[in-house]
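Work through the exercises below with the structure in view. Each task is followed by a solution in steps.

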Amino acid sequence: MEKRIELEKRGRKPAEITEFVLDNCRSTNIVGLTDEFVALETLSLINVGLTSLKGFPKLPNLKKLELSDNRISNGLNLLHTSPKLTHLNLSGNRIKDLDTLQPLKDFKNLKSLDLFNNEATNMDNYREKVFSLIPSLKYLDGYDIDDCEVDSEGEDDDVNGNEDLDGDANEDDSEDGTDDDDEDGEDQGTLLESVYKDLEDESDEEDYVVDAEEEDDEDYDLDDDEDEQEEQQQDSSPTRGKKRKHEEGAESGNEK
């Protein structure tokens, strides 16, 4: 763990670090993490192999502590040096009963606790007892006291004290007296109307062009029919017949 701590420091001074991730570094107890990390707000020790919290340092500004997937069965009283703790994840450990959780009742700021996959979750009236033990608690294993699931974003906002920020933002929007959604809907409706109108105009123009072309074709066909009829009439007329006979008689006289 000490080597991992030096690596994660990345040349920074301990007092400058606010977030520290030491997941998967192997150690049965905490070594190398000292009281010098006074500014630390988030500490993650997931799957380290911890059997106890012996050696846990004094971290007065710590708010979020991740201890899931270890082998911790007791010693939660060693966390009392972090009174600002709001989020504690102990899922996947070996906590068996409510007595082990007794030290947590002194944490006045603890809002979220995760004990999933601990033996303690099997005891009768588990949720009621834990909520009763820790009055400040709002979320247990991802659910509130009414068994309503809380999404991670909502939980993080609440833990970080950002609930009012969203509320103020919504109030500001309402005070402006404008509804962006309505304005967008009106703009889209106007745009659609203009598009449909253009399409209808184009359709009318196409129909007109097609009709004009068909009329030209019909006129052309009528002209051809009239020409053919005139030729037939000329061929069948008596004058035409007499002329042909006269020409035939002249030809026969010449032959003689």
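Accessible areas come from the Shrake-Rupley method with a 1.4 Å probe, and for residues only the protein chains shown count as cover. The model is predicted: local features need pLDDT of at least 70, side-chain atom pairs count only at pLDDT 80 or more, and totals for chains, interfaces and linings use all residues. Residues are numbered from 1 along each chain as its sequence is written, and side-chain values use heavy atoms, with hydrogens and water left out.

**Exercise 1.** State the accessible surface of the chain and the share of its residues that are buried.

Step 1. The accessible surface is about 17400 Å², and carbon and sulfur atoms hold 43% of that.
Step 2. Buried means under 20% relative accessible area, exposed over 50%, and partly exposed in between (1.4 Å probe, protein chains only).
Step 3. Of the 256 residues in the chain, 29% are buried.

**Exercise 2.** Is Asn70 buried or exposed, and which residues does Asn70 touch?

Step 1. Asn70 lies in the loop between E3 and E4; strands (E, at least two residues) are DSSP runs, numbered from the N terminus.
Step 2. Asn70 counts as buried because its relative accessible area is 4%.
Step 3. Contact means heavy atoms within 4.5 Å. Leaving aside residues up to four places away in sequence, Asn70 touches Leu45, Ile46, Asn47, Val48, Gly49, Leu50, Gly92 and Asn93.
Step 4. For Leu45, 25 residues from Asn70 along the chain, the C-alpha separation is 8.6 Å.

Terms used
Helix = DSSP H or I, 4+ residues; strand = E, 2+ residues; numbered from the N terminus.
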